[in-house]
Structures are given as C-alpha cells and as structure tokens.
Amino acid sequence: MVKLHTTHGTITLELDAAKAPVTVENFLNYVRNGHFDNTIFHRVIDGFMIQGGGFEPGMKQKTTGAQIKNEADNRLPNDIYTIAMARTSDPHSATAQFFINVGKNDFLNYTASSPQGWGYCVFGKVTAGTEVVDKIRGVKTGTRAGHQDVPVEDVVIQKAEVV
Amino acid sequence: MHSIFVSDLHLCPTRPAINRIFFDFLRGPAARAEALYILGDLFETWAGDDDDDPFNASVLAALRELAGRGVALYLMHGNRDFLIGSRFSAACGAQLLPDPTRIDLYGTPTLLMHGDTLCSDDVRYQDFRVKVRAPEWQQQFLSQPLASRKQIIAGLRTENAAEKQLKSEAIMDVTVATVEARLRDHGYPRLIHGHTHRPALHEHNVDGKRCERWVLADWYTSGSYLHCDAQGCRVVRL
C-alpha cells in the first residue's frame, strides 16, 4: 500500500503486484527513493483524470528512470479511482508519471497489442481518500508554461510512502 | 481598422451556394479587415488533417490566399471540427486559438469562445467533450485509418441527430450562470461566441458591470459576420 500525503489530504493506494508486477515495482521504487515528494498534480481534467509524478512546483520537470513495458494487457479497466501509468504515444514509454481516473475511461483500456490498441496500464486503486481525489479534480485550472489544465494553485504531493 | 468574426459555417461539398458566398466573402469583406476570426465549426465534419478531400483543399487554398494578403487569420475548434490540428492551420497561415481566448479588441477586453462549453446543462455533451478533447483519445482516434475515422464520424452524426430531437430547447442554449462566471473569470465586459445558432446581442449585468454577449449566426442558409472596431460591434449580412 502507498499513501500520498498531499496539500488536499491523504490518498491511500492499493497496488496490484499480481496483475502489474513490473509497473508496481517501478512505482514503488520511485516512492522509496523520494521521487514523488514535492511533486504536483500538473494536469487535472474533471471527469477524466488527475495526473502527477513528473513535475515540481513551478512546472519544473523531474528526471526519471528507464521506460517500462506496458502491462495494460492485464485487462484491468480504467474505472473511476483506479491508478494508471501515463505515457507518450509510444505504448512502452511510461516512466514515473501516473494518473488517477476520475471517470469511467473505457477508451483508455487495452484492446490489442498495436500502437492504437495498447491502452494505459492500471496497476492499483484508491482505497481511502476518494474525497481528496474529488477535491483535487475540482480545482481551478489554467494554462501554464505551455501546458494546459494546470491547477492555478499547486496541488502538491508532500510525501509518498510505502505503508 | 476593424476585425471580423464568423463561426458555424459548417462548410461541406453539398451546399455549393453557401460555399460560393464563403469564397466571395474571403475575397471581399474579409480581405478588407485586418483580422478574421473563425470561432469554430468552419467545417461540417473533420476527420483529421491528413484528409486529402479536394473540398478541404479548396477551403485551405482560399484561407491561405487571405492570409497571404496580410489579413491575420485565427481559427478556433468547434464541436464538429475539433480535430483540426497544427498541420492544417499552419498550411492556411492561420493561428489556432485556445477556447476561450481573451483579446484586446480596439481597447475593449473581449472573450472569444466557440460556445459549446457554455451549454453546461447538457451534461451528456460535456462528458463527451471531456473524452474527445483528451490528447489520449485523439491520438488513438487519429491513428486509425482515415476511412474508419470517417465511418465513425458518420455513425456519431446519425446518433446525434436522433438525440437532438429529444433534447429540450432549454438545455440546448447557454446556461446564464456559466456565461456570467466566464465573464467574471476573464475580466468582463464582452463575449463573442457561436455554436447555439441563435444569433443575438444579449446584455448581462455581472457584478454591477454591463456586459455584452454577441452570438454569431450560422451559415446554413445565408452568410453574415460581426464587424468590430473601436466604436463597437455590428452585424453585417451578406
């Protein structure tokens, strides 16, 4: 289990190491070495998802580790309050950024092992603190440093810990 | 010195009379303005910038010619043509504006929007919009073959037409509270948008400030534009 202590409250995550072993191990490594401490949820779209794990306050991008393979063929659906890995259009490009779904995002699910079918790998879910997620999804957003949907007031993960 | 605003032209090959009016408009009134703003739904449908349909190419060429004359050209996504990308806009010589965009229109701060986000009571549409405006969805959609995309769009439009008949008149117009919130957020006093196809000038009193909301007309049966200069705005029918 992982706890994200944020400026808006604590989010508790249960991770599915059985269904997403590489992804969970990768995520835990980032938690353990303090990567997520003092990072922000830099992309918040109500009804869709809240994304973090990549930027410090001030939109300073953090360096990350190696890319990991996409385990979305575990078929875990992108249901509301699940956590999944963010990536570029390259299916196997996830590193540290993750997102918490705040809607039932079926279109993000794996359908085939093709560039358009790979989908986004779900590797756990929020088991406590959904009301914190709901607070975050509703914050006011704007454009900052060329990025859209950035919270006007920083939503910070002060500390992430394995519990 | 004046700028021109249009929206909801819904251009497609099956309305040749309107297309002629549009091309004449680009060579006439638009060429005499210093800027032309197209606030969404320029096209009836848009499957992707890689669509080599000759009709799209003819519109592109006409816009490019206008930009070549030194008219500043601005595009905004509508609910139909939100997949217009940088490839098309760069080829036209146009700048793609985010929705909303605030500009200084000859001294009056003016908010420009397509208008679909003002219909906040239409929850089903707003949910759909969140989904299809996500880069992840667009990436996945645009990576499909053009023919498949066109088929999906045709299917969506059939569903949509049926649904529209069921939606009440009330939720198909803007939500006043949302209009006022946007005016407040962006510092008043003027808003120009399209989408509802209910052209009018509305006055809103927001926090004691007199605000005006210009709704642009569609081009289904005739053309018109909003002419704005330092004196204000007025509608011109073609």
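**Note on a predicted two-chain model**

1. In chain A, 44% of the 163 residues are buried, where a residue counts as buried if 20 or more other C-beta atoms lie within 10 Å of its own, as exposed if 12 or fewer do, and as partly exposed in between, with C-beta atoms placed from the backbone. This is a predicted model, in which local features need pLDDT of at least 70 and side-chain atom pairs count only at pLDDT 80 or more, while totals for chains, interfaces and linings use all residues. Residues are numbered from 1 along each chain as its sequence is written, and chains are lettered from A and ligands numbered from 1 in the order in which they are written.

2. Chain A holds two helices and 11 strands, which are DSSP runs numbered from the N terminus (helices are H or I with at least four residues, strands are E with at least two). Read from the N terminus, the order of these elements is β-β-α-β-β-β-β-β-β-α-β-β-β. The radius of gyration of chain A, 14 Å, is close to the 15 Å that the globule rule gives for 163 residues, so the chain is as compact as a globular protein of that length; the radius is taken over C-alpha atoms, and the rule is 2.2 Å times the number of residues to the power 0.38.

3. Helix H1 of chain A covers residues 21–32, and its end C-alpha atoms are 16 Å apart, which agrees with the 16 Å that its 12 residues should span at 1.5 Å a residue (the expected span is 1.5 Å times one less than the number of residues). Thr23(A), Asn26(A), Phe27(A) and Tyr30(A) are buried in H1(A). Seen down the axis of H1(A), its buried residues fall within an arc of 95°, so they line one face of the helix; the arc is that of the directions from the helix axis to the C-beta atoms. These buried residues pack against strands E2 (9–15), E6 (82–85), E7 (98–101) and E8 (122–128) of chain A.

4. Where the chains meet, 11 residues of chain B are in contact with nine residues of chain A, contact meaning that the C-beta atoms of two residues, placed from the backbone, lie within 7 Å. On the side of chain B that touches chain A, the elements giving two or more residues are helix H5 (123–133) and helix H6 (135–142) of chain B, and the largest share, four residues, comes from H6(B).

5. Which residues does Gly47(A) touch, not counting those up to four places away in sequence? They are Val102(A), Gly103(A), Asp127(B) and Val130(B). Gly47(A) is found in the loop between strand E3 (39–45) and strand E4 (49–56) of chain A, and with 16 C-beta neighbours inside 10 Å it counts as partly exposed.

6. Some backbone details of chain B deserve a careful look. Asp8(B), although not a glycine, has a positive phi of about 55°; Asp8(B) lies in the loop between strand E1 (3–6) and helix H1 (16–27) of chain B and is buried, with 27 other C-beta atoms within 10 Å. Asp41(B), likewise not a glycine, has a positive phi of about 55°, and with 29 C-beta neighbours inside 10 Å it counts as buried. A cis peptide bond, with omega about 5°, joins Asp99(B) and Pro100(B), and Pro100(B) lies in the loop between strand E4 (94–97) and strand E5 (101–105) of chain B.
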